[in-house]
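Subject: Structure for your review

Dear colleague,

Please find below the sequence and structure that I am handing over to you. My findings follow directly after them.

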Amino acid sequence: MGRKIVVRQTKTALVDARREIVFRVFRFNAEFDVLPHYDDFALKVSRGEVLLDALNRIKAELDSSLSYRKSCRHGICGSCAIKVENQAVLACKANLFALADRYGEVLTLEPLNKRLAPRDLIANKSGFWENYRAVNPWLEAEIDESSPKENLIPPAINDRLNGADACVACGICFYSCPVVAENDRFLGPAALAKSYRFAADIRDQALGDRLRLANSDRIGIWNCVKCYQCHETCPKEVSPIDKIIKLHAISAENNANVDSIAFRHAKAFKTSIQKSGRLDEAANVIESAGLFGALRHIREAFSMLRRGKLPFGVKKIDKLDEVQKLVKSASAPQSPDKERR
Ligand code: FES
């Protein structure tokens, strides 16, 4: 005789089983609308449901005109990325109860980039794709295409990619990055992480070009302000900031950054701190921009001089040796690629 299985549910579990959430959804159709508006949809949702389930139900049960993107439903294609309460998430990975616990029972849903949304929650990601394409996100190598065996790399070397190949190009880091918001020429976290993915691959033969691009003024790694927003938001734990830091290290090992004004600025900053424990602003401008370039700042220099903010010669601080030790430990190489080439 089979045993009877009794499933006990506590009162709390029953109360908790369904929860009403109001979805305040960004609506806009670039073909007809001048301005966007928001529509509210209330749904009773259960514990296991994710945001994509709610969007599917709104479309099936409440408003078939709602537009959004989806494909795999498993966090692999990256197409369902949208913003909830201004935080970008993959809709197919974002649990509704967890979202309601965090933000309350009214959730505002918007596309990744409201300014360019062609329709409802669909983002126009052309800026993201352009920058992504710019780093040549593929292996550049002379490979025998009819080779009888695969061109494999040892697992230890593969580990150096450090998860960079897990990126699904969802665009979440790009549209959460405060630098991209100010400077759309900045390649952005995803493209730079992809650049690292191939720079760290021993089979790739375009390291020089990759590092030159990564160190270009206004678009490359020197524009990253290390706010860690990309680390916080990446749904695949790629941590683009980690890859950007590694690109800095590979660039330094390959002297790929010497032409970058930002690199000279950072180097002058370090030299000044090592020498005196203070920032020598005048020397920093001259060393970063060169004597000629520094002339462009002559007005600021005079104005600083008048206010006594431009001392000639910087006095050493007490306990300079402590600061020098800190500089030394912070300068330790971080590249996994020491024996790369
Ligand atoms: S539907 Fe593919 S990542 Fe969400």
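The notes below cover confidence, domains, the core, a pair of helices and some individual residues.

This is a predicted model, in which local features need pLDDT of at least 70 and side-chain atom pairs count only at pLDDT 80 or more, while totals for chains, interfaces and linings use all residues. Residues are numbered from 1 along each chain as its sequence is written, and side-chain values use heavy atoms, with hydrogens and water left out.

Confidence

The protein has an average pLDDT (the predictor's confidence in each residue, from 0 to 100) of 88, and 91% of the residues score at least 70. Residues 5–12 stay under 50, and the model has one contact (heavy atoms within 4.5 Å) for them beyond four places in sequence. Residues 336–341 are also below 50 in pLDDT, with 23 contacts in the model beyond near neighbours in sequence. Where pLDDT is low, the predicted coordinates should not be read in detail.

Domains and core

An automatic or database domain assignment supplies the domain bounds: domain 1 covers 16–116, domain 2 covers 126–143 + 151–253, and domain 3 covers 261–330. Taken over C-alpha atoms, the centres of domain 2 and domain 3 are 30 Å apart.

The largest nonpolar core contains 71 residues, of which F23, L51, L55 and L109 touch the most other members. Such a core is a set of buried Ala, Val, Leu, Ile, Met, Phe, Trp, Tyr and Cys residues joined through side-chain atoms within 4.5 Å. Domain 1 and domain 2 each contribute at least three residues to this core. Leaving aside neighbours within four places in sequence, the contacts of L55 are L66, Y68, I82, A91, L109 and L121.

Helices α12 and α15

Helices (H or I, at least four residues) and strands (E, at least two) are DSSP runs, numbered from the N terminus. The axes of α12 (residues 261–276) and α15 (residues 320–330) come within 7 Å and cross at roughly 145°. These axes are lines fitted to C-alpha atoms, for helices over the stretch in contact, and angles run from 0 to 180 degrees between N-to-C directions. From α12, K270, I273, Q274, K275 and S276 meet L320, V323, Q324 and V327 of α15.

Individual residues

Accessibility is classed as buried under 20% relative accessible area, exposed over 50%, and partly exposed in between (1.4 Å probe, protein chains only).

G75 sits in the loop between α2 (51–62) and β3 (81–84), and counts as buried because its relative accessibility is 1%. Not counting residues up to four places away in sequence, G75 touches L90, C92, K93, V168 and K236. G75 and C170 are 95 residues apart in sequence, yet their C-alpha atoms are 9.3 Å apart in space.

R73 is found in the loop between α2 and β3. R73 is partly exposed, at 37% relative accessibility, and its phi is near 65°, a positive value in a residue other than glycine.

H248 belongs to helix α11 (residues 240–253) and is buried, with a relative accessible area of 15%. Beyond residues up to four places away in sequence, H248 touches I221, W222, K226 and N257.

N255 lies in the loop between α11 and α12. Its relative accessible area is 53%, so N255 is exposed. Phi of N255 is near 50°, a positive value in a residue other than glycine.

Yours sincerely
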